[in-house]
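Hi,

Here is the structure I promised to pass on. My notes follow below it; have a look whenever you get a moment.

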Amino acid sequence: MKAAEDQVVEDEAGYQDDEVTCLSELMLNMADLKKLKSVGICTVKGIQMTTRRALCNIKGLSEAKVDKIKEAAGKILTNGFLTAFEYSAKRKQVFHIMTGSLEFELRFAPTFFRNLQMFFHGFLSFSPCLCCSPVTAQLPGEDGYTGGKVIFIDTENTFRPDRLKDIADRFNVDHDAVLDNVLYARAYTSEHQMELLDFVAAKFHEEGGVFKLLIIDSIMALFRVDFSGRGELAERQQKLAQMLSRLQKISEEYNVAVFVTNQMTADPGAGMTFQADPKKPIGGHILAHASTTRISLRKGRGELRIAKIFDSPDMPENEATFAITPGGIADAKE
């Protein structure tokens, strides 16, 4: 079956390229290594992705030591430039994760690449990435994709393992094996949600090339609770931007797909512009710009759902209709 999400394929045994080498290459002492790994910085590329100010905020790292770490990392890393031809060749090396709906895959397959994909939906719309992806991401696919583990961060207490069992039955996969390959965490505050990303980065480094998918459901739920009113809006957006930047870096550093779901809210001004659907995703422009691909979901008749590409770097607007079944998402029956 043709796939719906694609990822850059790198050598399974040595997915870490020259830029993603271990911190041990910097010849740091064990105490400094532990300090860096405590905040999820486990590779030389992680050093490159972190500002000097952020490194200085790590307890026990002085400005002089940070400068030495940055200097040592700069000697190991390349300048980062590729020709467009080289990058095009890299883009062609993709792996695919099935969704369960052929129509969804045929229409949306080219839209997914490493980085951040956002699904935003209203009440009862149901996100397809939560329906099948934790299971299908574990299944072997085309172009040598061998499957991998999944991390699921739940902010709304909606994760149900029994749902995965039903989907596993559809694909003839052992229940225990499927559940054992999904690492689950419940986030209770926006700060806790950010702290979990440190663990995620450490886990991706510890089991290099094993994890293929990170899901956060949903990205904005805890921010809406922890920050209220216009007086805290600027701080909320700054914290959100930091989290999204971290997700993008984790995706690039460890070559994993990142799916986040988002809520929608009524748009009071939509009636003045005669919009057909007076709702919009929350999070503002910061969340919109950080997402590589955004897909809106809405409920149709019965179990039917309609997915629409809202924003994508390489695909025009498009729609796909699929159905919610006990075994996950499937093609809509005529």
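In helix H11 (residues 190–206), Ser190, Gln193, Met194, Leu197, Asp198, Ala201, Phe204 and His205 meet Gln242, Met243, Arg246, Leu247, Ile250 and Tyr254 in H13. Contact here means heavy atoms within 4.5 Å, and helices (H or I, at least four residues) and strands (E, at least two) are DSSP runs, numbered from the N terminus. By class, this contact has eight nonpolar, four polar and two charged residues. For the classes, Ala, Val, Leu, Ile, Met, Phe, Trp, Tyr, Cys and Pro count as nonpolar, Asp, Glu, Lys and Arg as charged, and the others, Gly among them, as polar.

How do the two helices run? H11 and H13 pack at an angle of about 10°, with their axes 11 Å apart. That makes H11 roughly parallel to H13. Axes are lines fitted to C-alpha atoms, for helices over the stretch in contact, with angles from 0 to 180 degrees between N-to-C directions; under 35 degrees counts as roughly parallel, over 145 as roughly antiparallel, 65 to 115 as roughly perpendicular and the rest as oblique.

Before I go on, this is a predicted model: local features need pLDDT of at least 70, side-chain atom pairs count only at pLDDT 80 or more, and totals for chains, interfaces and linings use all residues. Residues are numbered from 1 along each chain as its sequence is written, and side-chain values use heavy atoms, with hydrogens and water left out.

Back to H13 (residues 233–254): at 1.5 Å a residue, its 22 residues should span 32 Å, and the end C-alpha atoms are 32 Å apart, which agrees. (The expected span is 1.5 Å times one less than the number of residues.) Buried residues in H13 include Met243, Arg246, Leu247, Ile250 and Tyr254, where buried means under 20% relative accessible area, exposed over 50% and partly exposed in between (1.4 Å probe, protein chains only).

On to the rings. The structure holds six aromatic pairs. One of them, Phe159 with Tyr184, is stacked, at 4.8 Å centre to centre and 20° between the planes. Rings of Phe, Tyr and Trp (its six-membered ring) pair if their centres lie within 6.5 Å; planes under 30 degrees apart count as stacked, over 60 as edge-to-face and the rest as tilted. The pair links distant parts of the chain, 25 residues apart: Phe159 is in the loop between strand S4 (149–154) and helix H9 (161–170), and Tyr184 in strand S5 (residues 182–186). Phe159 is buried at 13% relative accessible area, whereas Tyr184 is partly exposed at 36%. Ring pairs also bring in Phe152, making a cluster with Phe159 and Tyr184.

A few backbone spots to check. Most residues other than glycine have a negative phi, and most peptide bonds are trans. Asn157 has a positive phi near 60°; its place is in the loop between S4 and H9, and it is partly exposed at 43%. Asn172 has a positive phi of about 55°, lies in the loop between H9 and helix H10 (175–180), and is exposed at 73%. A cis peptide bond joins Asp217 and Ser218, with omega about -5°; Ser218 sits in the loop between strand S6 (211–217) and helix H12 (221–226).

As for the whole chain, it has 14 helices and 13 strands, and buried residues make up 48% of its 334 residues.

Cheers
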